[in-house]
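The following paragraphs lead the reader through one part of a protein model. Please keep the sequence and the structure in view while reading.

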Amino acid sequence: MSDVDPDNSNKSDQTARSEEAVRSYLMWLEDPSTMRDQRAIDEVAGSILSETDPIARLKAISRLEELESVSGDGFRRAFVGQAKAWAESEGVSADAFRKLGVPAKDLRDAGFGGAKRSTGESSTPRRTRVSPSAVRESLPDGTFRIAEIEQRSGASTATVRKVILEMIDEGSVVDLGPDQQHSGRGRAPLTYRKH
């Protein structure tokens, strides 16, 4: 006979799932790019370069844009559904969430009372649209990574990657493969050089 109480085990599993939902939402809110599945992105990006059928390539580009956009809808839904109960069990206040930049609307939707609405509030961080020509102009001489071009140009990952793929096709950019200097978490980002 086991000494493990199944009710306590289920509660701790639920607490862990709730905590992961809160963590994922906060990570997405702080930097959506951290929530990308880089391995899947790299695989799809590689298939675009090797694909000869235009329809298959078109579908792969669409899939790549989807993977890179990191929609926060799922993270927000999980947060709204689980944050209040988790916060109460952990003694975390709504004000603590506010200090981490959680929008008042998300706190209200999660059931935290008294969350005030701010002027022009949005639950989703938005980027302004950046033209492909502005992305091209932001490419430095020498080696670069997509994340660097995102920062320099202000464009989304999908826009930057599309411009780089076009420039690879034109022969004005060379794909150098994974960054050999990478020592952080996850897979090494791809590096490129302007021709």
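A polar contact is a pair of N or O atoms within 3.5 Å; within protein, one atom must be able to donate a hydrogen and the other to accept it, and residues adjacent in sequence count only if both atoms are side-chain atoms. The model is predicted, so local features need pLDDT of at least 70 and side-chain atom pairs count only at pLDDT 80 or more, while totals for chains, interfaces and linings use all residues. Residues are numbered from 1 along each chain as its sequence is written, and side-chain values use heavy atoms, with hydrogens and water left out.

With that definition in hand, consider Ser-153. A polar atom of its side chain lies 3.1 Å from the backbone nitrogen of Ala-155. The side chain of Ser-153 also has a polar atom 2.7 Å from the backbone oxygen of Ile-149. Ser-153 belongs to helix α8, which covers residues 146–153; helices (H or I, at least four residues) and strands (E, at least two) are DSSP runs, numbered from the N terminus. Just after α8, Gly-154 takes a positive phi of about 80°.

Is Ser-153 buried or exposed? Its relative accessible area is 17%, which means that Ser-153 is buried: the term applies under 20% relative accessible area, exposed applies over 50%, and partly exposed lies in between (1.4 Å probe, protein chains only). Leaving aside neighbours within four places in sequence, Ser-153 is in contact (heavy atoms within 4.5 Å) with Val-130, Val-135, Ser-138 and Val-160.

The view may now widen to the whole helix. The buried residues of α8 are Ile-146, Ile-149, Glu-150 and Ser-153. They cover an arc of only 105° around the axis, and therefore lie on the same side of α8; the arc is that of the directions from the helix axis to the C-beta atoms. An α-helix has 3.6 residues a turn, so residues three or four places apart point the same way. On the other side of α8, Gln-151 and Arg-152 are exposed. The buried residues of α8 pack against α7 (132–138), β1, α9 and β3.

The strands remain to be described. Three of them form an open sheet in the order β1-β3-β2, with antiparallel pairing; two strands pair if DSSP finds at least two bridges between them. The edge strands, β1 (143–145) and β2 (173–178), each pair on one side only. Five bridges join β2 to the antiparallel strand β3 (residues 190–194), and Val-173 stands opposite Lys-194 in β3.
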